[in-house]
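Q: Could you walk me through the strands in this structure? I would like to take them a piece at a time.

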Amino acid sequence: MVAAMRVPRPWPPLGLLSAVVGAAALGTEIAAARLLAPYFGASTVVWANTIATVLVALSVGYWLGGRAADRRPALDALCSVVMGASMVLAIVPLIAQPFLRTSVRALSALSIGGFLGSLLGVLVLVAAPVALLGCVAPWALRLSVSRIEETGRVGGRLYALSTGGSLVGVFLAALVLVPFAGTRRTFETFALALALTVAPALRRSARVACALPLVLLVLPTATIKTGPATGQVIYETETPYQYARVVQAADGARSLELDEGLAVHSLLRPGSWLTGNYWDGMLIDPILASGRVPSRVAILGNAAGTTARAFGHYFPQTAVDAVELDGRLTDLGRRFFDLRGARLHTFTADARPYLQATTRRYDAILVDAYRQPYIPFYLATREFFAMVRNRLTPGGALVVNVGHPSSSNALERALSATIAVSLPGVRRDPIEPENTLLMARRGAPAAQPGFPPPRLPADLAALAHSAGQRLGSALPGGPVWTDDRAPVEWLIDESIVNFAAGSG
């Protein structure tokens, strides 16, 4: 009796292929958002564009893959498509930097907001490889089903494996690869995993393609972002939240740039405790609003500590609680921006949860957590400012830095109306074309706003006099925002696009 010959199972198993492709697709989504962050930020709008593009690309891939599977139901054909996706995925980080840098310059010239810019970026960079990965699901189902009666069982198993792989890809990218290997190597890792999975099913000549993601994976990473700067980039890094770089000008002044690099978030001028910019207003305006030097200050959105450093110098008896979500920025403050103070306490926390949890009361709360071009919606609502009021001492002052397009006051109006629900008598200090400081006081407004208390240092007295000349009543007519409805991103994009249309 002749033993039956054992037929080797084809490689790769379609369940394994589905799981690896699922991991690569969702891992790419996480890495794509990270890739866009240095240029367009990481707001809800950017994430929405990334998720929407991935979903549309997968849908296109499902449609194309279904048609291709019926025309050529062969494993080697499917593996060739996956290898193609691997190669495209591997080169995404290589073309991303010059493409996004050029896009930011062009879009800035057109005054197009982060919505359209990030949408274009994610479409160009990841739509094609994700669409190719989308082809796998219907193709694998076509190859796995031999009898119509088993379609449900086989389809359910493949979908379960694909979804499980997607879950692994999300956590692998978010918790391991991006923080410890970096964005570029995250792309290369998923590209290499795809290539190695399908390589045994391809011809030897096609297997050589595996070398591309492998070589790119082991090559040292280049500069994260080589965008235009006003001086020499002396340090740059990717933090768990954003891209950050320190730029030093010819006169020794240092600035901290985050994400898109279009705004400065901290500034240090050699030999000076003042900046000649809106941070000086954050120092003096709470004194004008309350009529006193605060004993304890909370800075929500400390970045590298420009305001905290100034308080530590001019008012060493003032306790300063500097709250910053990104602890790496606090480290940069100590290393590059002379962040220090006799009674300085730094906290790595999100502004609103910190304020919710603390039992301290403050003579001044300074809100400077807004990032160009958007602001966190939960720091711009009626509920947030009610919380601020409850954390202020009687007569304590709130100062909010409102960054906005120079041609639009819509955001300022909305915030003024929202603040006034909890803290009536809002005043404005239009300190810069793109920065307005909104001031309010718990209790009746100061009798003589704009006239500082005595015993201020000479340079601060002059600063207070200039600020007092600028102070005016809040702009009327804005909507009151709530935690349920605060359309920050749409308002900003609408302002930017309206400006572009009016100046075009």
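Predicted model: local features only at pLDDT ≥ 70, side-chain atom pairs only at ≥ 80, totals over all residues.

Q: Okay, where does Ser-255 sit?
A: Ser-255 lies in strand E3, which covers residues 254-258.

Q: And is Ser-255 buried or exposed?
A: Ser-255 has a relative accessible area of 7%, and because anything under 20% counts as buried, Ser-255 is buried.

Q: Which residues does it touch, leaving out those up to four places away in sequence?
A: With those left out, Ser-255 touches Arg-245, Val-246, Val-247, Val-264, Ser-266, Leu-267 and Phe-337.

Q: What kind of sheet do E1, E2, E3 and E4 form, and in what order?
A: These four strands form an open sheet with antiparallel pairing, and the order is E1-E2-E3-E4.

Q: So which strands stand at the edges?
A: Strand E1 (232-238) and strand E4 (264-268) stand there, and each has a single partner strand, so one side of each is left without a neighbour in the sheet. On average, neighbouring strands of this sheet are turned by 15° against each other, with direction ignored.

Q: How many bridges are there between E2 and E3?
A: Strand E2, residues 243-248, pairs with E3 over five bridges in the antiparallel sense, and Ala-244 has Leu-258 in E3 as its bridge partner.

Q: Which helix packs on that sheet?
A: Helix H12, made of residues 327-336, packs on the sheet and touches E1, E2, E3 and E4, while its direction makes about 155° with that of E1.

Q: Changing topic, how many residues of E6 are buried?
A: Strand E6 runs over residues 319-324, and six of its six residues are buried. Both faces are covered, with Ala-319, Asp-321 and Val-323 on one side and Val-320, Ala-322 and Glu-324 on the other.

Q: What joins E5 to E6?
A: Strand E5 (residues 296-300) runs parallel to E6, and five bridges join them; Val-297 stands opposite Val-320 in E6. The chain crosses from E5 to E6 through helix H11 (residues 306-314), and this β-α-β crossover is right-handed.

Q: And how do E6 and E7 pair?
A: E6 pairs with strand E7, residues 344-348, in the parallel sense over five bridges, and Asp-321 stands opposite His-345 in E7.

Q: Which helix belongs to the β-α-β unit with E6 and E7?
A: That is H12, which makes a right-handed β-α-β unit together with E6 and E7, and H12 is also the helix that packs on the sheet of E1, E2, E3 and E4.

Conventions: Residues numbered from 1 in each chain as written. Heavy atoms only, no water. Helix = DSSP H or I, 4+ residues; strand = E, 2+ residues; numbered from the N terminus. Buried < 20%, exposed > 50% of the residue type's maximum accessible area, 1.4 Å probe, protein only. Contact = heavy atoms within 4.5 Å. Pairing = 2+ DSSP bridges. Axes fitted to C-alpha atoms, helices over the stretch in contact; angles between N-to-C directions. Right-handed = clockwise from strand over helix to strand, strands pointing away.
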